[in-house]
Amino acid sequence: MKLITDIDNLPPALSASVSVEERAYIEKIATRQSLPFAVTPHFASLAGPEKDDPIRRQFMPDPRETQDDPFALNDPLGESCHRATSRLIHQYRDRALLKTTGFCSGFCRFCFRRVWVAEKTPFITASELDPVLDYLNAHPEIREILLSGGDPLTASDERLEWLFQNLRTANPALSLRICTRLPITAPDRITAELVGLLRRFRPLRIAVHINHPRELSAESRRALTILVEAGIPVLAQTVLLKGINNNASTLAVLFRECRDLGLIPYYLFQLDLAPGTAHFRVPLKEGLALYRELQALEGTDLKNNSSSVLLLPAYAVDLPGGGGKIRLSDESIAVEEDRPGGRVYLLKDKNGKLWPYPADQA
Ligand code: SF4
């Protein structure tokens, strides 16, 4: 997959927009174990040169990534607590998650798995897959496997076919869910051959990560339409990002466009607590207020019997440290308290257990 890894190879206006501080920071992270700079030519072509451009901000390294964040966690989802094999996470009874690869079609600066992704772990090998297959055999209650990473669609069709076939052999009833950003960042990856392969392995769903309406280029719309028309359910998930999409009008446009493309609204995620990402964090109470605004918009449309019903995704967070996913509402915040790192909200999981999430000082 073609990636731009040198800022001088960006489109000229974008390359010229890189400040001295950004350039120095990019040079610094290139020489150490950190999330490097990389973007596809397609995604770079969507960005404007302004520093606050919502596409540029998603891939341009920002010196604020070095700021101290007392709440940062190298493993923000607590996946290590639920590790079944070196690649398999089994947190929920009937589904598991496979880290297929550490490669992505460029690196999102807010990545929740930035530590894993920075390690550039290659696509899963046969010796890593064997214990996964044994585990699936021993756990027939697992009905769905999420293929994540990194981005599984950065692998070749041949490797994907090998993986799908092995998983299905281990459990013929297993449903596959592919978590990807490629229809947005590299839409030409959605070829007729790939779609044919995906169709052959149904039941299979795609969960596509889309953050801003400007990501829905003509090429991405075409790629998503090909998937939808091939009968592959496509779920849309979005990360709530400060300075990128944290206003109701941007999100309303995004969700309407997704609906019009036939995508299934899935999640709007509150940001996970990965290191170097605090400047993207929308304060939780602001996120809740924004979601109420979106619900009101949806309600207005319903009342008017309008065809522009939003179809909202669920606003959710992965409780930091391994508490699992919960839907967010005002009732989720049980109490506030001061901790050594600062003030936190204690969020209630389904069993009433409390998990700290930083309060609104991000
Ligand atoms: S596509 Fe996902 S895994 Fe890859 S860098 Fe972006 S957020 Fe991280």
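1. Around the ligand stand Cys104, Gly106, Phe107, Cys108, Cys111, Gly150, Arg181 and His209. This is a predicted model, and in it the ligand sits in the largest pocket. By class, the shell around the ligand comprises four nonpolar residues, three polar ones and one charged.

2. Gly150, one of the residues around the ligand, also takes part in a cis peptide bond: the link from glycine 149 to glycine 150 has omega near 10°. Glycine 150 belongs to the loop between β3 (144–148) and α7 (157–170).

3. Another cis peptide bond connects arginine 202 to proline 203, with omega about 5°. Proline 203 is placed in the loop between α9 (192–200) and β5 (204–209).

4. Lysine 120 is not a glycine, yet its phi is positive, at about 55°. The residue is part of the loop between α5 (114–118) and α6 (126–138). Is lysine 120 buried, exposed or partly exposed? Its relative accessibility is 42%, so lysine 120 counts as partly exposed; the partly exposed class lies between under 20% for buried and over 50% for exposed.

5. Helix α2 (residues 20–30) has Glu22, Tyr25, Ile26 and Ile29 as its buried residues. Viewed down the axis of α2, these fall within an arc of 100°, so they line one face of the helix. Their packing partners are α1 (12–17) and α4 (56–59). On the face of α2 turned away from the buried side are the exposed residues Val20 and Glu27.

Definitions and conventions
Residues are numbered from 1 along each chain as its sequence is written. This is a predicted model: local features need pLDDT of at least 70, side-chain atom pairs count only at pLDDT 80 or more; totals for chains, interfaces and linings use all residues. Side-chain values use heavy atoms; hydrogens and water are left out. Buried means under 20% relative accessible area, exposed over 50%, partly exposed in between (1.4 Å probe, protein chains only). Helices (H or I, at least four residues) and strands (E, at least two) are DSSP runs, numbered from the N terminus. The arc is that of the directions from the helix axis to the C-beta atoms. Contact means heavy atoms within 4.5 Å. A residue is near a molecule or strand if one of its heavy atoms lies within 4 Å of it. On a 1 Å grid over the protein atoms alone, a cavity is a set of points where a 1.4 Å probe fits but cannot get out, and a pocket is an open set with protein on both sides within 12 Å along at least five of seven lines; lining residues have an atom within 4 Å of a point. A molecule sits in a cavity or pocket if more than half of its atoms lie within 2 Å of its grid points. Ala, Val, Leu, Ile, Met, Phe, Trp, Tyr, Cys and Pro count as nonpolar, Asp, Glu, Lys and Arg as charged, and the others, Gly among them, as polar.
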